[in-house]
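Here is a brisk report on one structure.

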Amino acid sequence: MLVRFEDIKGGEVWINPVHVKLVKQARRSTEIVMALSSSFGNSVIKVRLTPEEVSLMLNAGMPEILPLAPEDDHDTDGGAAAAVIAAG
């Protein structure tokens, strides 16, 4: 999910949190450093929020990671049968 920020000049900026490299406090602003492709380097967006506020907003926009489905409890050999077959 894209997260909306307002930069220090009043411009609207939409950020994909997956591409944020770091968030750091600057003198009068917080810098959001975006990791771009190696040929473009990094991009810095300055906002008038605390690093904590920025981090909370970015974390809320991160994709949800669902847990893996539980394994079938009917497999009681712990994979030993596959190991025996592979060893031949």
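## Sheet

Strand 3 and strand 4 pair in the antiparallel sense, over 5 bridges. Strands here are DSSP E runs of at least two residues, helices are H or I runs of at least four, and both are numbered from the N terminus. Pairing requires at least two DSSP bridges between two strands. Glutamine 25 stands opposite threonine 30 of strand 4.

The open sheet has 3 strands, in the order 3-4-5, with antiparallel pairing. Strand 3 (20-25) and strand 5 are its edges, each pairing on one side only. From one strand to the next, the twist averages 20 degrees. Helix 1 packs on the sheet and touches strand 3, strand 4 and strand 5. Its direction makes about 155 degrees with that of strand 3. Axes are lines fitted to C-alpha atoms, for helices over the stretch in contact; angles run from 0 to 180 degrees between N-to-C directions.

## Model basis

The model is predicted: local features need pLDDT of at least 70, side-chain atom pairs count only at pLDDT 80 or more, and totals for chains, interfaces and linings use all residues. Residues are numbered from 1 along each chain as its sequence is written, and side-chain values use heavy atoms, without hydrogens or water.

## Loop residue

Serine 29 lies in the loop between strand 3 and strand 4. At 8% relative accessibility, serine 29 counts as buried (under 20% relative accessible area; exposed is over 50%, partly exposed in between; 1.4 Å probe, protein chains only). Beyond neighbours within four places in sequence, serine 29 contacts Ile8, Lys24, Lys46 and Val47 (heavy atoms within 4.5 Å).
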